[in-house]
Amino acid sequence: MATGAMDDLAGRFADRAVRSVFIYTREAHPAENYRHHASMDDKRRNARAFLEHSKVRRRILLDDLEGTAHRAYGSLPNMTWIVGRGGMIHYKSAWTSEADVADALEGVLDFQANRAKRQWVAFYSERSAWSTRDMAKFKAGLERAGPQAVADYQRMLEANKASRAAPAEEVGPRIPGNFYRTEDESGNR
Amino acid sequence: MQSSPYNYSEFVANPEEFSEFALHAPKATMRAPSFPLEDLATGETVQMSELWKTQVAVIEFGSFT
């Protein structure tokens with residue numbers, strides 16, 4: 001996760017009427033050191049360990065034990081959403097890229113400041129986004145969680161070996177964050 | 001087949017997870033759903049809608065692991 005970069009973004013935009021928070025979900029890769037949550041106390045304990053380790057400067061809010069908010073927003077492990085003043089969703093992203101969030105946020109602030117004056121009307125749109133995957137940092141996180149997290153992830157890699165061994169030229173290595181299929185996979189030639 | 005619990009004890013990639021996010025979760029231009037959350041620092045209950053009542057809200061989801 002780009003925790004530090006997102007904290008910096010929060011600081012840069014704080015005086016522009018932007019409130020940034022971190023919602024703590026289930027453990028994505030539970031293991032010996034940070035187990036899955038069987039109670040809210042488990043969740044609070046792991047969230048405090050996360051705060052201690054990551055020094056997150058944003059407000060941390062805990063979802064309930066059943067993940068009611070997380071499930072309603074799509075259950076992915078590191079999403080970012082931008083909600084405009086009043087409650088309209090302006091941005092939803094399967095993963096968190098500070099640069100992409102900043103770009104979207106500038107657009108949202110421009111829209112909110114100028115829509116009446118310029119008679120702008122919001123409409124639905126989709127686009128792709130991208131970020132660098134820091135695998136060394138990701139693997140360090142798995143090791144911090146414990147051997148089980150490393151083994152679980154390795155098992156997933158083995159299961160997906162064929163697609164990961166042949167990354168698509170257009171999108172790079174496969175991650176659970178896009179719809180892309182090659183022509184062979186999709187049957188569309 | 002019984003679905004896996006939300007707080008799974010062992011990570012297994014779920015191929016449906018991304019589709020849930022992309023196809024079934026709310027979309028841009030929809031109204032954001034609001035749920036009660038707990039402030040880690042104070043223990044107070046916070047309604048998500050309070051986050052965007054007077055400001056733009058940037059909401060990142062995540063965990064330690």
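Q: What makes domain 1 and domain 2 of chain A separate units, and how far apart do their C-alpha centres lie?
A: Their C-alpha centres lie 23 Å apart. The domain assignment of chain A gives domain 1 as 3-118 and domain 2 as 135-186; such bounds come from an automatic or database domain assignment. This is a predicted model, in which local features need pLDDT of at least 70 and side-chain atom pairs count only at pLDDT 80 or more, while totals for chains, interfaces and linings use all residues. Residues are numbered from 1 along each chain as its sequence is written, and chains are lettered from A and ligands numbered from 1 in the order in which they are written.

Q: How do you know which residues count as being in contact between chain A and chain B?
A: Two residues are in contact if their C-beta atoms, placed from the backbone, lie within 7 Å. By that rule, 79 residues of chain A are in contact with 43 residues of chain B. The side of chain A that touches chain B divides into 45 nonpolar, 22 polar and 12 charged residues. Here Ala, Val, Leu, Ile, Met, Phe, Trp, Tyr, Cys and Pro count as nonpolar, Asp, Glu, Lys and Arg as charged, and the others, Gly among them, as polar.

Q: Why is the largest group of 47 residues called a nonpolar core?
A: A nonpolar core is a set of buried Ala, Val, Leu, Ile, Met, Phe, Trp, Tyr and Cys residues joined through C-beta atoms within 7 Å. A residue is buried if 20 or more other C-beta atoms lie within 10 Å of its own, exposed if 12 or fewer, and partly exposed in between, with C-beta atoms placed from the backbone. The largest such core has 47 residues, and those with the most contacts inside it are I23(A), W81(A), I82(A), V83(A) and I59(B). Strand 3 of chain B, residues 56-62, gives the most to this core, with 5 residues. Domain 1 and domain 2 of chain A both give residues to this core, so it lies between them.

Q: Why is strand 4 of chain A described as largely enclosed?
A: 5 of the 5 residues of this strand are buried, so strand 4 of chain A is largely enclosed by the rest of the structure. A strand is a DSSP run of E with at least two residues, a helix a run of H or I with at least four, both numbered from the N terminus.

Q: How do you know that strand 3 and strand 4 of chain A pair, and in which sense do they run?
A: Two strands pair if DSSP finds at least two bridges between them. Strand 3 and strand 4 of chain A are joined by 4 bridges and run antiparallel. In strand 4, Y91(A) is the bridge partner of I82(A).

Q: What makes strand 4 of chain A and strand 2 of chain B edge strands?
A: The open sheet has 7 strands in the order 4(A)-3(A)-3(B)-1(A)-2(A)-1(B)-2(B), with mixed pairing. Strand 4 of chain A and strand 2 of chain B each have a single partner strand, so one side of each is left without a neighbour in the sheet.
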